[in-house]
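Please look through the structure below slowly, and keep it in view while you read.

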Amino acid sequence: MLPGLILSIVLAIAAISLGKAHLLQTHGISALTLAIVLGMLIGNTFYPAIASDADAGVIFAKQRLLRLGIILYGFRLAFQDIARVGIVGVAIDVLVLGSTFGLAWLLGVKVFKLDRTTALLIGAGSSICGAAAVMATEPVVRGRADQVTVAVSTVVVFGTLAIFIYPALYQLNQTWHFLSAGPTVFGVYVGSTVHEVAQVVAAARSISEETANTAVIAKMVRVMMLAPFLVILSAWLARSRQRNTLAQTDQADAKAANRGVVIPWFALIFVLVAGFNSLALLPASVVATVTDIDTFLLTMAMAALGLTTHLSAIRRAGIKPLLLGALLFFWLIVGGALINLCVQAALR
């Protein structure tokens with residue numbers, strides 16, 4: 001596995017180094033995004049010549065290191081974050097997540113006739129935390145590299161647009177007062193509707209530091225929902241597979257098929273790690289080191305994903321995934337604002 005791991009490490013180092021550039025940080029372009037771009041550049045040029053030697057390590061990075069990265073992601077979270085946004089923030093996050101993911105399935109499968117896996121991956125990325133959610137959902141839905149890349153691409157495109165749109169929406173809200181005036185309420189809106197953490201920070205800091213602080217907390221609560229989301233999705237997919245099997249075979253065969261249910265143990269451990277982190281038993285310097293390691297592992301996984309993604313497969317996906325991502329982005333802005341408005345009116 002050494003050649004593939006070394007290649008993934010080199011690309012991760014390059015992506016993290018580039019990600020420190022002020023211009024890229026200002027525009028919310030994270031190391032994860034850069035890693036998949038670099039991986040795709042190498043994967044569609046030089047990589048095929050060494051694929052036979054490097055595939056084992058690349059696949060290990062894309063699968064095993066990804067799961068470890070999601071587990072360690074729990075060190076970025078604390079259950080105290082929930083208390084900071086209160087029941088209002090939690091209710092908003094739940095409704096935004098559920099409505100966005102449900103809309104992704106409805107539009108993706110029923111309207112655009114996309115394959116279910118691609119629609120679910122785009123829905124996960126749009127409704128929870130961007131590329132990290134897509135990568136975490138992939139083992140549950142058993143997606144291919146090209147499907148994951150298409151989903152990541154949509155959340156990167158529209159999440160980047162959000163960085164420029166939300167500050168303008170804040171100025172409009174100052175005039176029209178659609179949401180309650182003030183940076184805190186708008187921070188919850190940003191955190192509950194923008195795709196990735198880096199994009200939340202970039203968009204909210206353009207408004208004010210107070211908005212950014214509230215937005216990040218609301219976003220972290222949304223990220224915490226990744227684990228229960230994966231468990232529920234796994235159970236739903238298992239029941240769906242069982243129904244399909246029942247339609248084609250007898251009851252005994254259905255039970256045999258259902259024994260293959262995917263249980264996302266890494267997601268459950270992720271919650272346990274977040275719970276442990278909430279106890280604040282480790283020094284801040286140790287937690288900071290762990291989160292740096294976690295960033296590196298996730299960046300390696302994204303680089304490996306890019307290496308195994310063929311541009312021809314993305315071209316075959318066509319414009320429909322992008323249209324789905326655009327409609328979900330519109331829903332996050334408009335529907336998310338309505339959800340924020342209604343929940344705040346009902347619970348405050």
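What volume does the second largest pocket have? The second largest pocket has a volume of about 230 Å³. This is a predicted model, in which local features need pLDDT of at least 70 and side-chain atom pairs count only at pLDDT 80 or more, while totals for chains, interfaces and linings use all residues. Residues are numbered from 1 along each chain as its sequence is written, and side-chain values use heavy atoms, with hydrogens and water left out.

A pocket here is an open set of points on a 1 Å grid over the protein atoms alone, where a 1.4 Å probe fits and protein lies on both sides within 12 Å along at least five of seven lines, and its lining residues have an atom within 4 Å of a point. Its volume is the space filled by probe spheres set on the points, which are joined across faces, edges and corners. The second largest pocket is lined by 16 residues, of which Thr149, Val150, Ser153, Thr154 and Ile314 are the closest to its centre. Two or more lining residues come from each of α3, α8 (145–176), α16 (311–317) and α17 (320–347), where helices are DSSP runs of H or I with at least four residues, numbered from the N terminus. Helix α8 gives the most to this lining, with seven residues. By class, the lining of the second largest pocket has 11 nonpolar, five polar and no charged residues, where Ala, Val, Leu, Ile, Met, Phe, Trp, Tyr, Cys and Pro count as nonpolar, Asp, Glu, Lys and Arg as charged, and the others, Gly among them, as polar.

The largest pocket has a volume of about 930 Å³. Of the 29 residues that line it, Ser30, Ala31, Arg76, Val197 and Ala198 are the closest to its centre, and the elements that give two or more residues to this lining are α1 (2–19), α2, α3, α10 (197–205) and α15. The lining of the largest pocket is made up of 14 nonpolar, 10 polar and five charged residues.

Ser30 counts as buried because its relative accessible area is 14%, and buried means under 20%, exposed over 50% and partly exposed in between, with a 1.4 Å probe and protein chains only. Apart from its neighbours within four places in sequence, Ser30 is in contact (heavy atoms within 4.5 Å) with Glu196 and Ala198.

Where does Arg76 find its salt-bridge partner? Arg76 forms a salt bridge with Asp294, with the closest N and O atoms 2.9 Å apart, a salt bridge being a side-chain nitrogen of Lys or Arg within 4 Å of a carboxyl oxygen of Asp or Glu. The pair links distant parts of the chain, 218 residues apart, with Asp294 in helix α15 (residues 284–307) and Arg76 in the loop between α4 (47–72) and α5 (80–111). Asp294 is buried because its relative accessibility is 0%, whereas Arg76, at 31%, is partly exposed.

A search of the whole structure finds three salt bridges. In one of them, Asp81 meets Arg84 at 3.6 Å, N to O, and because these two are three residues apart in helix α5, about one helical turn separates them. Asp81 is buried at 8% relative accessibility, but Arg84 is exposed at 59%. The side chains of Arg144 and Asp146 also meet in a salt bridge, at 3.1 Å from N to O, with Arg144 partly exposed at 48% and Asp146 buried at 16%.
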